[in-house]
Amino acid sequence: MKEIKAVIFDLDGTLVNLPINWDEVREKVRKLLKTSHPLKPLGLSVYEITRNNPELRERAFKLIESEELKAALQAKYDSRLHEMIVQLKKARLKIGLVTLQGLKTASLVLEKLGIKNLFDVIVTRERSVYRLEQLKIALRELKVEPEETLFIGDTIWDLEAGSKLGCKTLIVKRDINNVIEIKDKFFQPNL
């Protein structure tokens, strides 16, 4: 078993819960795109639906970004989160972020959380809307192998992408009190 050299996090739902009503956002995007598509996952669905219409794609992502930025303004510094990331850095681990949020939103949230300067790489939807590709980019830029990486996310798509690449993958969920619960059934046993 290889030693862990990097930790890559997802943002929304993992490091922070952004107060976004995704169902409402999806409905607004459906109206804009004139579709009944479920839009799950949202970014990837928008990209695929607008594949032949970059102008419409840009409008859809601007609408999404507007909602994300409103929510990002509500992010607050979390001393426990800050200390956790600092401790990972002190342990000489490389730290990455992959997110389907846009760069403006991700940057604002990380600044408000007080951890933006602690990340070695940040991969947003501007670089790829595919989680698997985002992880590949992060791994390449961190110069680590998947087997040397712990990926922490919160969705089935995170689990699938991390597992497919061979990352040690951990899925977490937050309850209504913002307490993190580790989903043991998703935890890769060889960690």
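Predicted model: local features only at pLDDT ≥ 70, side-chain atom pairs only at ≥ 80, totals over all residues.
**Exercise 1.** Determine how the span of H1 compares with the expected value, and state which residue caps the N-terminal end of H1.

*Solution.* Step 1: H1 covers residues 22-33, which makes 12 residues. Step 2: from the first C-alpha to the last, H1 reaches 16 Å, close to the 16 Å expected at 1.5 Å a residue. Step 3: the cap at the N-terminal end is Asn21, with a side-chain oxygen 3.1 Å from the backbone nitrogen of Asp23.

**Exercise 2.** Explain why the buried residues of H1 lie on the same side of the helix, and find what they pack against.

*Solution.* Step 1: with under 20% relative accessible area as the cut-off for buried, the list for H1 is Val25, Arg26, Val29, Arg30, Leu32 and Leu33. Step 2: these residues cover an arc of only 160° around the axis, so they fall on the same side of H1. Step 3: an α-helix has 3.6 residues a turn, so residues three or four places apart point the same way. Step 4: the face turned away from the buried side carries the exposed residues Asp23 and Lys31. Step 5: the packing partners of the buried residues are helix H2 (42-49) and helix H3 (54-72).

**Exercise 3.** Describe the largest nonpolar core and the contacts of Ile115.

*Solution.* Step 1: the largest nonpolar core has 41 residues, and Phe9 and Ile115 have the most contacts inside it. Step 2: H3 supplies the largest share of this core, 6 residues. Step 3: not counting residues up to four places away in sequence, Ile115 touches Leu15, Leu81, His82, Ile85 and Leu110.

Technical notes
Residues numbered from 1 in each chain as written. Heavy atoms only, no water. Helix = DSSP H or I, 4+ residues; strand = E, 2+ residues; numbered from the N terminus. Expected span 1.5 Å × (residues − 1). Buried < 20%, exposed > 50% of the residue type's maximum accessible area, 1.4 Å probe, protein only. Arc of directions from axis to C-beta. Contact = heavy atoms within 4.5 Å. Polar contact = N/O pair within 3.5 Å; in protein donor to acceptor, adjacent residues only side chain to side chain. Core = buried A, V, L, I, M, F, W, Y, C linked by side-chain atoms within 4.5 Å.
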